[in-house]
Amino acid sequence: MYDDSWYSFVPEVAKTAASTVQNAGHRRKESLLQQPNSSQGTIQPSEAPEPLSRLLEDPRDNNDPPEPALARRAKSYSDFYRVVRAQLAKDAHKKREERKRRKDKSLEALMIAANVDNWLAANVDNMPVPRRPVLDQYNDQLLEASQHEYLSPADHVESIYKDQLELTERHLDALIVDTNASLDLLTTLSNSFQAVETQTTSFQSQCEDLIDEQKRLQKLADDVGTDLYFYTYLDNVTRRLNAPGAGRLVEDAVFGEVLDNLNSCIDFMTKHPTYRDADSYLARYESQLTKALHLLEVGLSNRLKNISDEIAKPIAASKSEATRHALAYGRFAEMIADTYSLLPNMHKVMRNVFDEYGRPLSGTAHDIYVNTANNLFSTYLAVRNDDLKPMTDKDVAEFARERKDLSVETGCRNYLKQTFERAYNENSLVHRIFGLDLQWSSDPASAYQALKSASKGAVNPANIAILPANLCAALKTEELRTVCNIVAWLMNEYLVLDYDEEESPFSQQCRELSARILTEHLWVFTDDMFNAETTKTITKMALDDEGLKIKPVVDGVSASNAYAPVTKAMGLLAMYDQTMPKERSQKNNRVVFNIVRESVKVLQRAEARIKYIKNGTDADLFMIKNLLIIKNELLSLEIGDIRGDGAALQHFGQIWNTLSPQNWVSFFGSIIGGVGSVGSSFWSSSAKAAPPAVTAGSLTVEDMNEQLDELLRQSIVAFTQRWGGLTMDAKARKAGVKPIGKVEKELEEVLQTAFSNQPEVIGKLKEAIAMHAEAQEQAAGEKKGVRRY
């Protein structure tokens with residue numbers, strides 16, 4: 001676009017000729033920095049190098065500035081001065097040479113023009129165009145060129161600046177042109193890119209479709225390969241399970257992979273019954289699974305047999321309890337765990353049937369795995385039963401010896417503790433061998449029930465039947481108090497939690513075993529013992545006419561003058577309350593109901609006997625006295641679905657409120673109302689009809705409390721009605737009736753004999769008698785008024 005030499009332009013400056021040579025006498029000593037190629041202190045103009053322009057073949061024909069030249073390095077300050085003068089002289093010489101060259105060129109142009117004129121003169125006839133002198137054409141240019149050196153320095157500098165501005169303008173124009181060209185190129189490129197992008201998007205879409213199709217085909221191929229695997233695996237597993245030494249496979253971790261693969265194949269054939277030969281392959285895979293699980297059963301049986309051969313005889317021969325325990329549990333656990341993968345493979349089988357707590361699961365080939373689990377349990381328990389039989393027999397013999405030599409309670413406690421310890425040790429072995437942390441379950445498909453049904457005789461976490469069986473057999477002939485003491489000790493020892501201490505695994509299992517023994521065996525056995533004792537001491541007790549009299553209270557104890565069967569019933573109720581938890585004795589308890597019902601039966605028989613023999617005892621007061629004692633005992637113990645506070649017969653206020661004296665009006669009205677319509681309407685206006693009479697035979701366990709209240713109400717009504725009538729007749733001074741003073745004195749004596757230390761009972765009964773006498777008196781007055789009318 002432009003010449004780079006313009007940026008280093010140096011304007012031409014006229015220089016004077018070379019100066020004269022300095023006086024040799026005044027020359028300074030030659031500097032040590034003098035160049036080796038000069039012998040004089042200064043460079044003479046005649047010795048200056050020839051200009052390069054003379055060496056060029058093509059002389060310069062333009063007005064470009066001179067080429068920059070590198071000045072020679074000065075040797076010293078004085079040499080630098082001489083060098084500058086020499087350079088100026090050289091420049092002046094070059095200037096003269098340039099003017100001479102230009103002048104020669106002008107002359108040559110003139111010479112060319114003269115030759116042209118001569119030629120034209122010779123051929124004038126053949127030239128139609130008039131001639132034009134060459135000098136006339138370039139007069140202005142020549143004039144400007146001839147005057148160029150005479151221009152003023154200001155004009156010269158202006159010319160230089162003008163040239164530079166023109167050069168810059170051309171440069172900027174060139175930049176604009178290049179920029180426009182670049183923009184056009186970029187626009188073209190952008191359009192090209194957009195076209196490429198459009199084509200690329202279409203191509204990318206086609207590629208994505210191809211990739212999706214490839215993935216679909218790949219997935220289809222994988223599915224086909226996977227499905228094909230479920231068919232080809234049959235030959236592989238058949239060869240492995242039928243190969244010689246296949247029994248050793250259960251000791252290897254590969255056995256677990258075989259089970260997983262068989263489960264996958266069976267599950268696949270089950271989910272795709274429409275596939276080719278699916279039923280046939282399913283049956284063959286199930287057959288191979290059964291064969292593999294049978295190998296596991298055989299492996300466990302052989303392992304247990306080897307262990308039993310080593311420990312069974314030492315256990316039977318040993319007389320030390322510690323040695324037998326070490327062999328039966330420590331040595332056995334060590335030997336059963338000395339395998340490679342037998343136990344992990346058994347755990348895998350159990351996980352196909354149960355969870356970690358023994359709860360049933362559903363899965364692939366469930367029936368086959370359940371059958372195998374039951375077989376494994378049976379195999380293990382059969383071997384353990386044979387190994388532990390000497391220890392079990394020894395425990396039973398020791399239990400019998402302690403019952404005879406020490407006491408029944410001591411023997412039972414030691415036997416319970418020993419059995420709990422063995423059950424805990426067996427539970428640890430079951431957890432190690434089968435990988436199950438057994439929990440009680442009533443589900444027939446649970447591991448607990450499977451282990452329980454496979455048990456032979458030895459104690460294990462699911463089988464403790466031998467313990468309550470031996471206990472019940474030993475306690476059957478013992479007294480009821482002994483049975484209650486053992487049951488209460490077992491409940492307080494293991495079922496009552498101590499929240500200050502953290503419960504250990506052994507304590508937790510003892511608590512679970514105790515709860516099962518009590519709920520399934522001992523509580524039922526104790527209830528039967530109580531029922532038998534009730535029948536023996538209450539129901540079958542013979543009536544004694546001497547015992548049918550109400551005796552005075554002894555030592556201020558309210559129940560001291562109770563009827564003998566009632567006293568026995570109170571003892572049974574208190575004993576039952578001490579033995580059983582409140583949750584079991586409070587509501588709808590059969591034992592409590594049976595005791596109360598049999599007591600009521602005995603009282604009703606005694607009431608009838610008193611009325612028959614007429615021994616001077618008030619039959620109604622006899623019933624009131626004993627029924628209040630039973631009711632008060634139930635309230636005191638808070639059993640039989642009855643709640644109360646206080647002790648002795650201080651519950652009478654609550655009993656009296658429960659009896660609802662307002663309901664007595666119905667009794668009075670029903671009895672007195674028969675004498676006249678007015679009385680009947682008076683009492684019936686504020687009362688309901690009288691409830692039917694309650695007997696011991698009509699008592700029910702659900703409504704025992706209400707029915708017992710009804711029995712007591714009937715006796716109170718009968719007693720107050722009879723004494724109310726006597727009081728009214730005495731006040732009316734009827735013939736043959738004792739004076740009112742004697743009647744009141746006799747009533748006081750009867751009440752004091754029965755309730756000498758319960759003034760509240762006496763006061764309530766007198767109040768009821770007064771109400772009854774007043775009602776009868778009002779009824780008699782109304783009857784007389786009706787007759788007068």
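Reply: The protein chain has 24 helices and zero strands (DSSP runs numbered from the N terminus, helices being H or I of at least four residues and strands E of at least two). The model is predicted, so local features need pLDDT of at least 70 and side-chain atom pairs 80 or more, while totals for chains, interfaces and linings use all residues. Residues are numbered from 1 along each chain as its sequence is written, and side-chain values use heavy atoms, without hydrogens and water.

Taking contacts in the protein chain between residues at least 6 apart in sequence, 73% join residues at least 24 apart (contact: heavy atoms within 4.5 Å).

Helix α7 covers residues 321-336 and helix α9 covers residues 366-405; their axes lie 11 Å apart and meet at an angle of about 170 degrees (axes are lines fitted to C-alpha atoms, for helices over the stretch in contact, with angles from 0 to 180 degrees between N-to-C directions). Helices α7 and α9 are therefore roughly antiparallel to each other (over 145 degrees; under 35 is roughly parallel, 65 to 115 roughly perpendicular, the rest oblique). On the α7 side, the contact is made by Glu-321, Arg-324, His-325, Ala-328, Tyr-329 and Phe-332, and on the α9 side by Tyr-380, Arg-384, Leu-388, Met-391 and Lys-394. By class, the residues of this contact are six nonpolar, one polar and four charged (Ala, Val, Leu, Ile, Met, Phe, Trp, Tyr, Cys and Pro are nonpolar; Asp, Glu, Lys and Arg charged; the others, Gly among them, polar).

Within that contact, Arg-384 lies over the face of Phe-332, at 4.3 Å from the ring centre (NZ of Lys or CZ of Arg within 6 Å of the ring centre and within 35 degrees of the ring normal).

Thr-379 is found in helix α9. Thr-379 touches Ser-301 and Leu-304, once neighbours within four places in sequence are left aside. From Thr-379 to Val-298 the C-alpha distance is 9.4 Å, although the two are 81 residues apart in sequence. Ala-365 sits in the loop between α8 (342-351) and α9. Ala-365 is not a glycine, yet its phi is positive, at about 50 degrees. With 15% relative accessibility, Ala-365 counts as buried.

Now the rings. The whole structure contains 18 aromatic pairs (rings of Phe, Tyr and Trp, its six-membered ring, with centres within 6.5 Å; planes under 30 degrees apart are stacked, over 60 edge-to-face, the rest tilted). One of these is the pair of Tyr-281 and Tyr-285, which is tilted, with 6.5 Å between centres and 40 degrees between planes. Tyr-281 and Tyr-285 are four residues apart in helix α6 (residues 278-317), so about one helical turn separates them. Relative accessibility is 18% for Tyr-281, which counts as buried. Tyr-285 is at 0% and counts as buried. The rings of Tyr-380 and Phe-434 have centres 5.5 Å apart and planes at 85 degrees, so this pair is edge-to-face. Because Tyr-380 belongs to helix α9 and Phe-434 to helix α10 (residues 408-434), the pair ties together parts 54 residues apart in sequence. Tyr-380 and Phe-434 are both buried.

Two further ring features can be listed. Arg-284 is placed over the face of Tyr-281, 5.4 Å from the ring centre. Tyr-229, Phe-230, Tyr-233, Phe-268 and Tyr-275 are linked by ring pairs into a cluster.

Asp-277 is in the loop between α5 (254-271) and α6. Asp-277 has a positive phi of about 55 degrees without being a glycine. At 45% relative accessibility, Asp-277 counts as partly exposed.

Asp-527 lies in helix α14 (residues 505-539) and is buried at 13% relative accessible area. Beyond neighbours within four places in sequence, Asp-527 contacts Tyr-576, Met-580, Arg-584 and Val-591. Leu-627 is part of helix α18 (residues 619-637) and, at 1% relative accessibility, counts as buried. Not counting residues up to four places away in sequence, Leu-627 touches Val-600, Leu-603, Leu-708, Leu-711, Leu-712 and Ser-715.

Definitions and conventions:
Buried means under 20% relative accessible area, exposed over 50%, partly exposed in between (1.4 Å probe, protein chains only).
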